[in-house]
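Here are my notes on the model, as numbered points. They begin with the contact between the chains and then take the sheet and the helices.

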Amino acid sequence: MNQERLRILSLLVAGKITSEEADRLLDALEPHPETPAPDEAAAKTASTAAPKFLYVKVLSAAGDNVNVKIPLSLVRAGLKLTSLIPAPAMEQINKSMAEHGIAMDFSNMKSEDVEDLITALREMEVNVDAKNGDNVRVYSA
Amino acid sequence: MRVPPYLLRLRVTEAGRTKVRLWLPMFIFWPLLLVLGLLAVIVALVADLVSLASVQRPRYTGFVVRCLGLLGEARGTEVFVNTESQTVVITIR
């Protein structure tokens with residue numbers, strides 16, 4: 001935790017600032033989730049650097065909007081965790097996932113595969129335009 | 001390993017008015033998390049020792065440590081859901 005955040009939180013705990021003021025100050029330190037997606041040019045510039053976040057954006061024709069921003073380090077840590085799941089539990093997980101249409105054996109995934117997968121995500125972009133006007137974008141930046 | 005999340009923010013807005021603005025200072029729970037984490041690691045170490053003789057040799061300690069690490073990596077997660085009537089924002093910092 002950097003010094004600025006720590007200072008804001010200590011001011012909040014001490015009651016010197018209100019939660020709204022702390023909210024504004026912390027917002028000033030970090031980009032807000034409601035901010036629009038980076039445009040294509042910005043995305044291309046960012047693609048040269050290692051991506052840090054995986055974005056999932058859903059825009060329905062009805063106007064509903066879902067933006068999810070997941071740190072890639074969380075994806076990496078989660079995938080690496082799968083190699084440590086005990087075999088009997090992994091079998092149950094794989095069986096349950098297969099029942100739900102995701103037939104993937106995570107027990108075969110090695111640490112190098114995870115790194116390759118994360119590297120590959122840099123160039124990955126999924127863009128789905130449904131007939132009914134729904135739009136789904138998955139990309140990393 | 002990164003430090004665990006220190007703040008969870010939940011905001012629910014209905015028809016332009018903020019209905020819920022929750023600030024959960026997660027850093028208050030850090031001491032509790034430390035105790036629980038240590039207990040889990042001790043239990044996992046014992047389980048690893050017990051299962052030393054088994055063929056499969058599950059690595060419970062590594063699993064518990066990675067789980068705790070996963071918690072730290074959750075920092076930066078943001079979920080924004082906007083429907084016709086409601087907006088929900090969840091931020092983990």
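1. In this predicted model, 26 residues of chain B are in contact with 25 residues of chain A, contact being C-beta atoms, placed from the backbone, within 7 Å. On the side of chain B that touches chain A, two or more residues each come from helix H2 (60–73), strand E3 (78–82) and strand E4 (86–92) of chain B. H2(B) gives the most, with 7 residues. By class, this side of chain B has 12 nonpolar, 8 polar and 6 charged residues; Ala, Val, Leu, Ile, Met, Phe, Trp, Tyr, Cys and Pro count as nonpolar, Asp, Glu, Lys and Arg as charged, and the others, Gly among them, as polar.

2. On conventions: residues are numbered from 1 along each chain as its sequence is written, while chains are lettered from A and ligands numbered from 1 in the order in which they are written. As the model is predicted, local features need pLDDT of at least 70 and side-chain atom pairs count only at pLDDT 80 or more, whereas totals for chains, interfaces and linings use all residues. Helices (H or I, at least four residues) and strands (E, at least two) are DSSP runs, numbered from the N terminus.

3. Chain A has 6 helices and 4 strands, in the order α-α-α-β-β-α-α-α-β-β from the N terminus. Of its 141 residues, 7% count as buried, that is, with 20 or more other C-beta atoms within 10 Å of their own, these atoms being placed from the backbone. Of the contacts in chain A between residues at least 6 apart in sequence, 49% join residues at least 24 apart.

4. Both chains contribute to an open sheet of 8 strands, ordered E3(A)-E4(A)-E1(A)-E2(A)-E3(B)-E4(B)-E1(B)-E2(B), with antiparallel pairing; strands pair if DSSP finds at least two bridges between them. The twist averages 5° from one strand to the next.

5. Where do the chains join within the sheet? E2(A) is next to E3(B) in the strand order. Strand E2 (residues 65–71) of chain A runs antiparallel to E3(B), with 5 bridges, and A:Val68 has B:Val79 as its bridge partner.

6. Within chain A, E1(A) and E2(A) pair in the antiparallel sense over 7 bridges, with A:Val66 the partner of A:Val58. E1 (residues 53–59) also joins E4 (residues 135–140) antiparallel through 6 bridges, where A:Leu59 stands opposite A:Asn135. E4(A) and E3 (residues 125–129) are antiparallel with 5 bridges. The hairpin of E3(A) and E4(A) has 5 residues between the strands, and A:Gly133 there takes a positive phi near 100°.

7. Returning to H2(B), its buried residues are B:Tyr60, B:Phe63, B:Val64, B:Arg66 and B:Glu73. They pack against E2 and helix H4 (72–82) of chain A, together with helix H1 (30–50) of chain B.

8. Helices H1 (residues 3–13) and H2 (residues 19–29) of chain A have axes that come within 10 Å and cross at roughly 175°. H1(A) and H2(A) are therefore roughly antiparallel to each other, the term for angles over 145 degrees between N-to-C directions, on a scale from 0 to 180, with axes fitted to C-alpha atoms over the stretch in contact. A:Glu4, A:Arg5, A:Ile8 and A:Leu12 of H1(A) meet A:Ser19, A:Ala22, A:Leu25, A:Leu26 and A:Leu29 of H2(A). The residues of this contact divide into 6 nonpolar, 1 polar and 2 charged.

Terms used. A residue is buried if 20 or more other C-beta atoms lie within 10 Å of its own, exposed if 12 or fewer, and partly exposed in between; C-beta atoms are placed from the backbone. Two residues are in contact if their C-beta atoms, placed from the backbone, lie within 7 Å. Angles under 35 degrees count as roughly parallel, over 145 as roughly antiparallel, 65 to 115 as roughly perpendicular and the rest as oblique.
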